[in-house]
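Subject: Two-chain model for you

Hello,

Here is the structure I promised to pass on. Please open it alongside this message.

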Amino acid sequence: MDFSLLFPALTSFTWQHLVMILVGATLIFLAIKKEYEPTLLLPMGFGAILVNIPWSSALLAVQGEMSNYSWLTAQEALKLGEHGIEPGALSVFFSAGIATEVFPLLIFVAIGAMIDFGPLFRNPFLLLFGAAAQFGIFATVALSTLCGFDLFQSAAIGIIGAADGPTSIFVANKFAPDLLGPISVAAYSYMALVPIIQPPVIYALTSKRERRIHMTSPTANNKKISRTTMILFPIVVTVIAGIIAPASLALVGFLMFGNLIRECGVLNKLSLGAQNELANLVTILLGITIASTMTAERFVRLDTLMIIGLGLIAFIFDTFGGVMFAKGLNLFMPKHMKVNPMVGACGISAFPMSARVIHNMGQKEDKTNFLLMPAISTNVGGQIGSVVAGGLILALVPLFA
Amino acid sequence: MTTQHNQTAPVSQNATHSCCKHDSIQPIDSAVCQQHQQQKTATTQVPSGMKKPVRTEAENLSSSFTVMGYGMLGIFIFMAIFFLAIKGMMKAFPEK
């Protein structure tokens, strides 16, 4: 009796598989106990456990003689589409939803349906901070090349700085599918860690006097936005983005489609469906399917640690970019129009976490300083900025690689 | 740290090759043609539809700065256009 055929999982088990199961357990712990992005980290954590038990039927099934393959060669054979290896459910979900980029784009429809651009329309000037805070993406692309990654891989790593899960998955899938697992884990983990990452960077870059700058503008906050403007905005943005950078159209277009469903006023059921059922359903599938890339062979490598580190640097440079842009702008602004540099840090796409963090920091410095409205406006601008940045990365990197 | 890897393509029993050492097409068989080893296919892990040439680190760094320059400029241009579009729409369609 061949023991290896009787208990194939046990005989193929390695220390790397154990490490990945522990990684999965850690993600589940962070999701439940610390409530760090539980909607993604819990499915990813469980999926990591599911795919790191060798011969998991969630990944593949061998039709015929199992003894012809080791666990490693079976996975290679699945990739090559060899006869005799059938994809498991997670592999099918990956091929259908991730490789085709359908899942991230459906999530974008849901996100678009959740976004209210009203605060941004009242302070459109804050869009510029949504641009400045994408600096971390490009800085990390440069740093990644110094670490030995090629330009495509560096771009996929740098996009972690977009602080936007679907954008990160979309770009990583196009440029470096092998790195999709660590990039997704890094992106979603750091989005949840914004309250820990941003404050030290902001404190290091700003003075107490700068942090106490007031930005409240009662008239701006009460400005009414016409329904026509709210409806036209997603259409106009889509057309402009498509003409200038067609590569960005999938990302921008689906986001704006979701927003149009919300703002048109005649599709309330679809809007609610997108915000709830669609978002929840696709999130479940996306999380557990991303985990199918978190196999020990792909994940337990020095590359993964470097990606996790570079992802953190991306978020730090995002904060740096937004804050420094605000400080630079203040050199030219009259006193009553100065921008609180902390609001610049809200230009990342982690909505509404970043806005809440900055508002709380402002309150700590001065209880009479209410930064929530400008922070939210900037945060919304950051959501547009991150999508535009993703589109530009998709358009530019192939030109210079 | 490119993902370039060498993949050994398994050679089928029925594969043939034209060999200068022999007069006619012969099946690849190490016993018959010891001059030829199993075919090695060097492949690079490429994004779908995109060629990934091998470049030095300095070239990649230089390209990344170019991407940074165009990218940041591009984002600011986009945002400036959106800013003008918002201003224009709010002027054209004021709330009644």
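Predicted model: local features only at pLDDT ≥ 70, side-chain atom pairs only at ≥ 80, totals over all residues.

**Between the chains**

Chain A and chain B bury about 4,400 Å² between them. Of that area, 79% is on carbon and sulfur atoms. Chain A puts 58 residues into the contact, and chain B puts in 39 residues. The polar side of the tally is brief. There are 0 salt bridges between chain A and chain B. Polar contacts link 3 residue pairs across the interface, with both residues at pLDDT 80 or more.

Which elements of chain A give two or more residues to the side that touches chain B? They are α5 (71-80), α9 (127-132), α10 (135-146), α11 (151-158), α12 (165-175), α17 (227-244), α21 (302-330) and α24 (372-400). The most comes from α24(A), with 11 residues. By type, the chain A side splits into 40 nonpolar, 10 polar and 8 charged residues.

**Within chain A**

Two of the elements on that list, α11(A) and α12(A), also meet each other. Their axes come within 8 Å and cross at roughly 170 degrees. An angle over 145 degrees counts as roughly antiparallel, so that is how α11(A) and α12(A) run.

From α11(A), the residues in this contact are A:F152, A:A155 and A:A156. They meet A:V171, A:A172 and A:F175 of α12(A). The contact of α11(A) with α12(A) has 6 nonpolar residues, no polar and no charged.

Best wishes

Methods:
Residues numbered from 1 in each chain as written. Chains lettered and ligands numbered in written order. Heavy atoms only, no water. Contact = heavy atoms within 4.5 Å. Buried area = accessible area lost by both parts, 1.4 Å probe. Salt bridge = Lys/Arg side-chain N within 4 Å of Asp/Glu carboxyl O. Polar contact = N/O pair within 3.5 Å; in protein donor to acceptor, adjacent residues only side chain to side chain. Helix = DSSP H or I, 4+ residues; strand = E, 2+ residues; numbered from the N terminus. Nonpolar A, V, L, I, M, F, W, Y, C, P; charged D, E, K, R; others polar. Axes fitted to C-alpha atoms, helices over the stretch in contact; angles between N-to-C directions. Parallel < 35°, antiparallel > 145°, perpendicular 65-115°, else oblique.
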